[in-house]
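Let's take a friendly walk through this structure, starting with its nonpolar core and moving on to its salt bridges.

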Amino acid sequence: MLSCGKHECPSKCHQLSDHSQMNCTKIVKLKCTRNHSLSLPCSQVKRVCRFCVKEDAAKERRRQRELELEKTRQLKQNEYASKLAEAQEEANYLKRLRKDESDEVQRANVLEQYRQVIEDLKNPLKTTTTSIEPEFDDAPHLATSDITETGRLPLHEGRVQGHGNDHRNEPGSLNQMPNKKVSIAQTQWLHDKMFHNSQSPEVDKLMDMIGIESVKEKFLAIKGKVDISIRQNVDITDRFGTVLLGNPGTGKTTVARLYCKFLASMGVIPGDKFIETTGSRLANEGVAGCQKMIEGLLKDGGGTIFIDEAYQLVHSNSFGGAQVLDFLLAEIENLKGKAVFIVAGYQRPMENFFAHNIGLPSRFPHELKFNDFDDSELMQILISNIEKKYNKRMQVENGLGGLYCRIVARRVGKGRGREGFANARAVENALSKISERQSERLQQEKRRATTKVDDFLFTASDMIGPDPSEALKSSAAWHRLQEMVGLASVKKTVDVLMGTMSYNYARELDEKPLVEYSLNRVFLGNPGTGKTSIAKLYGQILVDIGLLSNGEVVVKNPSDFVGSAIGQSEQNTKGILVSTLGKVLVIDEAYGLFAGGTSDGTGAKSDPYRSAVVDTIVAEVQSTPGEDRCVLLLGYKEQMEQMFQNVNPGLSRRFPMDQAFVFEDFISEELNRILDLKLKEQGYGITNGGRRVALEMLERARNCQHFGNAGEIDILLNSAKMCHQKRLNGNRQTDQSLEAYLDAPDFDENFDRMEKNGASLAKLFEGVVGCKDIISKLEGYCQMARNLRTLNMDVRTQLPFNFIFRGPPGTGKTSTARKMGQVYYDMGLLATHEVIETSVTDLVGQYVGQTGPKTQKVLEQTLGKVLFIDEAYRLGQGPFSREAVDELVDCITKPRYAQKLIIILAGYDADINHLMSLNSGLSSRFPESIQFEPFPPSDCIQLLTRLLSKTKIELLESQVEFDITCLENPSPDFAESLSERFHTLSLTASWANARDVGTLAKEISAEVLRAYNGRNLVLGKAAVLQALNNMLLERSQRHKITEVTDNLSPMSNLGKDELQLPFRMDFQDKPVTTMHSQISTHADTASSEALGTTTAHRTNQPAPTTERDIGVTDDVWNQLQKDKASAEAHEKEFLGLEEEEESKQQEILKLREKEAIAARELDIAVQKADDDLQRQYEQARLQHEIERRKKEAAFAEFQAKRDAAAEMRRKEAVNQRKLRCLGVCVAGFRWIKQSGGYRCAGGSHWVSISQLESC
């Protein structure tokens, strides 16, 4: 081995003893500590990396170069500092010289002015108006001397020097508080004191107060006015009544006391007695108490009466306030020079005070406005309060006026600008909160006893509270929210909000603007999703992290806001909002504040009491970021959206719907967890079978209109516990276990209906004739559902929910729909087996915009049920019906309705096919079709036998036997006779299958019962055949009438095919009428000429009467009467237009006559050269001309309307003539226009617009 100890010598010429002294030359690859790749002989591996050596040399060169640059930069900086110091020293020296010169000149000027005043006083006759007040500009010379070398005001000017960290003045940074503005009033007062020897302890105290600059200026103005009046030797008994306006905590009461002493010291009033009272106290004491108070003031030598919250005198609940105020009106004027009245209050309420009497403003000519303190002034108040409360012993982390004091001032200042902002009182409340946090911290430190406790130190956490992230750890509401089941989107939104709070806390420490949100929110969701619970937790979390000043959550509902009299709703709402300031106000079921109508109160259901509540909320809740208020509106999504669309638009801005918390329905897994929690709370267990059944029932209930979510579980458990107790009562064992387990029968007695579905289907259709194919199809659905559940697949995605039922009348469409509801309920796909039978009338509106909401309402009501639309072909008739089809097609695919209800469209083959062709989306949404075939004669005989068998059973209860052997065991000949007659009936156009068989059964039973003689009843073959023959005769008569209708057509130019147009009436393929209607109602033919007769003829002729044809349904007849009334109303409207046209023409002629008269009178005035008359008549003429032009323009529009109506009337007359020529209605009835065509007045015959146009 070589010296490296790793490699062998490649040469064989050395001795073994020499190998260990030989250097290894094998090339090895390695990486140094700085990851450089090297290839070196093995003996040189321990050498220093050449690449590292180069890098170190380069770094050293750069370091030396930077060091030299830094030395040069430091030399220049030192040189600049030296020169700057010399320049500042020279500038300060020159400033002092100039100040001395300025002061000398100012003193000389003042002395000269006083010499002039003395001279004027010695020679009164030569007295001029020269004022002793020296003139000085807006930037007085005093300001120069009060500026320190640093360019800031000294501490005695109220400037609080900041301590602590020196934050850089970065872009967007708030940095330190802005310097206190130089008080012009204070500067002027110091000037007067220095040069004019002005003295006033009251003004001195006022100048020491923080802020209220406008008040200080007003005091000096009043003092200047009084001083001049004294020098002028004039009476100073002017009105000095004053109103103080401002929010609480701005010093109004303190200033009022100073104002009293100030006026007394200047001799405006004889005494300085100060009486403080309030508006409510004066109202309670009445005029007598007020008079006694004034007498006491005068007895003490006069002074000032200060009425705080004076607006209470005119409050609606103040019975004696108005009388007191009226009494004071005269006393204020009478006591001028003896007493001064001062009233104080907030800006808006004081407006009502002055509106009480127009003489009040003149009694109070002086107005002092107390503006809210800015952040700098609030910090000064905070520092002053800390020093005063703790005798200047309390220390603050980062110093008084430092970072944390500035943050507290900014937080308090967020409420600035709103009515009721407490200003100095808000600072006191903030200091109280700081003391509470300090107390809690000190108690914890004493318990731990790990560090020395300093009672005179406010730490950062004391001043601004803990970091929100730390506060959340101790928030029980936060932990409760995290433990709640589901609500992922809500939790995520709350997490974002909480993250913002932590981020803002850091930005506060960096003195940057905050990312602020409005705390007001809308909570949307179905019942039982936890809206109210989450609202309470959300509010408590806001309180826990310190975003609100008061730790309380108040829950209200709309009834708490709405009053029973005009103005009471506003009063209730304002009271609730004021009482919940700083708290969380939860308005549950907030959609109750909207009763319908529109925001302007013009809707049919507008409620002024509820609208007043919304308007007050909009006015009082501004939703500004940082507002010390949180209002939460809770409700269902659809109702809340409707409310926001119709009430005051400002509500949407204050409560943005796009930022609402949306509470989705709980999914099955979440419902399972909630079920476990509720069972655990109530001390119950549950079996696996019981859990499966419970979840299936909850899934069925999900299809209902308002799924209760967690509330649905409560309902389910209440029922299950009752059934469980019944089961225990039925089990009479004495050793019953106290362990309560809910099983499947406790939730649903027929929990295994799915397994029994085959047997239940057979039982369900027992006794039903001709339904084998339908039973087979439904059995296939049930088997598919069982297989899908076995494979853990969603059943709803594979089974159809929309069906088309085609077939003639009486084939069992309606009864099958009812049974289908039971089948789908047993499969767990519907909430109930209920079938809602409706017609097209329930879906179609009577005016534009009504159809869509009506259709949606019907779908809402049938969620979880079966919607059966009979005679669905009518959806293709008329524009409103088409709108219903479009709405139906749209809603079926929406998640709100998809696979949550069964929709069945039923009708006749040709009509349903026509309906499907109207909308391409309709066929794709109703892919499943069930065909109902006409009953063959054998089924008709079987059904007739079963119907009579039911009568037989009923008669057995009365101990009467009814023998129907002829039908139960018919002979071949009799069976053949029955089959032939049923076959003949089935060929008639009006054959209704089971419906007509039921009619036959009733007629046969009635005939047998009429022949009852006290013995047993026997049904004979003759009775059955006679009933069939009677029905055949009646149907043949109808057929003959139809043939007469075809032969009476006078239009010989039409071919046979054209005469056999598919005119429909209700469910029949050919138009039918009866001999009775043909004979008895022929008088109605006169109405067909009504459109061409004169007005007198129409008004004098009595309206013909029409009887209803046989076979016309109630829906058709009712709609026909409505359309008939509508046509008559249109005719009356047209007649009214003719009369109105004559009236308007007469009005225009009268105006033209007036205009002509005015023109003639104008000509006469021109001839007389009377200018006044010319102007008068010219104005009259112009007025008549303008009015005439307006009438003519309106008449032109009216004529256009009348012409359009006349054209429509002419077209209607043409259509009526065509219809009479067609001869479809053999009775000659008048034709009534309906949606999509015309129907005769009897109701049997129908002609569509397309058929009429083709003739």
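The report below looks at a predicted model.

## The largest nonpolar core

The largest nonpolar core has 50 residues. Within this core, Met498, Phe523, Ile534, Tyr538, Leu632 and Phe747 touch the most other members. Helix α19, spanning residues 531-544, supplies the largest share of the core, with seven residues. In soluble globular proteins, nonpolar side chains tend to be buried together.

Leaving aside residues up to four places away in sequence, Phe747 touches Ile686, Gly690, Val693, Ala694, Met697, Leu716, Leu717, Ala720 and Leu742.

## Salt bridges in helix α14

The model's salt bridges come to a count of 39. One of them joins the side chains of Glu436 and Lys433, at 3.9 Å from N to O. These two are three residues apart in helix α14 (residues 424-448), so about one helical turn separates them. Glu436 is partly exposed, at 43% relative accessibility, and Lys433 is partly exposed at 43% as well.

Glu445 and Arg441 also form a salt bridge, with their closest N and O atoms 3.0 Å apart. Both sit in helix α14, four residues apart, or about one turn of the helix. Glu445 counts as buried at 14% relative accessibility, and Arg441 is buried with a relative accessible area of 14%.

Arg1189 and Glu1185 meet through their side chains in a salt bridge of 2.9 Å, N to O. Both lie in helix α45 (residues 1171-1222), four residues apart, about one turn of the helix. Glu1185 is buried, at 15% relative accessibility.

Which residues are linked with Glu1185 and Arg1189 in a network of salt bridges? Glu1178 and Arg1181 are part of that network too.

Technical notes: Residues are numbered from 1 along each chain as its sequence is written. This is a predicted model: local features need pLDDT of at least 70, side-chain atom pairs count only at pLDDT 80 or more; totals for chains, interfaces and linings use all residues. Side-chain values use heavy atoms; hydrogens and water are left out. A nonpolar core is a set of buried Ala, Val, Leu, Ile, Met, Phe, Trp, Tyr and Cys residues joined through side-chain atoms within 4.5 Å. Buried means under 20% relative accessible area, exposed over 50%, partly exposed in between (1.4 Å probe, protein chains only). Contact means heavy atoms within 4.5 Å. A salt bridge is a side-chain nitrogen of Lys or Arg within 4 Å of a carboxyl oxygen of Asp or Glu.
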